[in-house]
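Biologist: Can you take me through this chain? I'd like the residue details and then the overall fold.

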Amino acid sequence: MDQKQIAKQMVEFNKTVFDNSFTAMTAMQDQTEKMIVGFLDKTAWLPPEGKKPILDWIESYKKGREAFKAQADERYKKVVEFFAQTEK
């Protein structure tokens, strides 16, 4: 088997593993978010000023997660383009 093809298959496998792991992590984080928001909705002792930083933190975390995913996808795309260039 050609070394370039082996490397390409390794990258494709790595991308698949990354996507599956990222999906699982996202599902876990979304469930945790639902639990935290539900808890905050039921806490009468915590004022809105105390809830806001927690909700802001959740939104910031989601934005960071999506930015990380976009960067990873972009890097995988560049690797695939590199292999496409070397096959020519």
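**Residues and helix packing**

Modeller: Asp 19 lies in helix α1; helices here are DSSP runs of H or I with at least four residues, and strands are runs of E with at least two, numbered from the N terminus. This is a predicted model, where local features need pLDDT of at least 70, side-chain atom pairs count only at pLDDT 80 or more, and totals for chains, interfaces and linings use all residues. Residues are numbered from 1 along each chain as its sequence is written, and side-chain values use heavy atoms, with hydrogens and water left out.

Biologist: What does Asp 19 touch, leaving out residues up to four places away in sequence?

Modeller: Lys 69 and Asp 73. Contact means heavy atoms within 4.5 Å. Asp 19 and Asp 73 are 54 residues apart in sequence, with 9.2 Å from C-alpha to C-alpha.

Biologist: Where is Lys 69?

Modeller: Lys 69 is in helix α2, residues 48-87. Lys 69 is buried, at 16% relative accessible area. Not counting residues up to four places away in sequence, Lys 69 touches Lys 15, Phe 18, Asp 19 and Phe 22.

Biologist: How do α1 and α2 pack?

Modeller: Helix α1 (residues 3-42) and α2 pack at an angle of about 170 degrees, and their axes are 11 Å apart. The axes are lines fitted to C-alpha atoms, for helices over the stretch in contact, and angles run from 0 to 180 degrees between N-to-C directions. α1 and α2 are therefore roughly antiparallel to each other; the cut-offs are under 35 degrees for roughly parallel, over 145 for roughly antiparallel, 65 to 115 for roughly perpendicular, and oblique for the rest.

Biologist: And Val 11, what does that touch beyond four places in sequence?

Modeller: Val 11, in helix α1, touches Tyr 76, Val 79 and Phe 83.

Biologist: Switching to the whole chain. How many helices and strands?

Modeller: Two helices and zero strands. The radius of gyration is 20 Å, well over the 12 Å from the globule rule for 88 residues, so the chain is more spread out than a compact globule. That radius is taken over C-alpha atoms, and the rule is 2.2 Å times the number of residues to the power 0.38.

Biologist: What does the C-alpha trace span along its principal axes?

Modeller: About 65 × 20 × 10 Å. Buried residues make up 18% of the 88 residues.

Note on methods: Buried means under 20% relative accessible area, exposed over 50%, partly exposed in between (1.4 Å probe, protein chains only).
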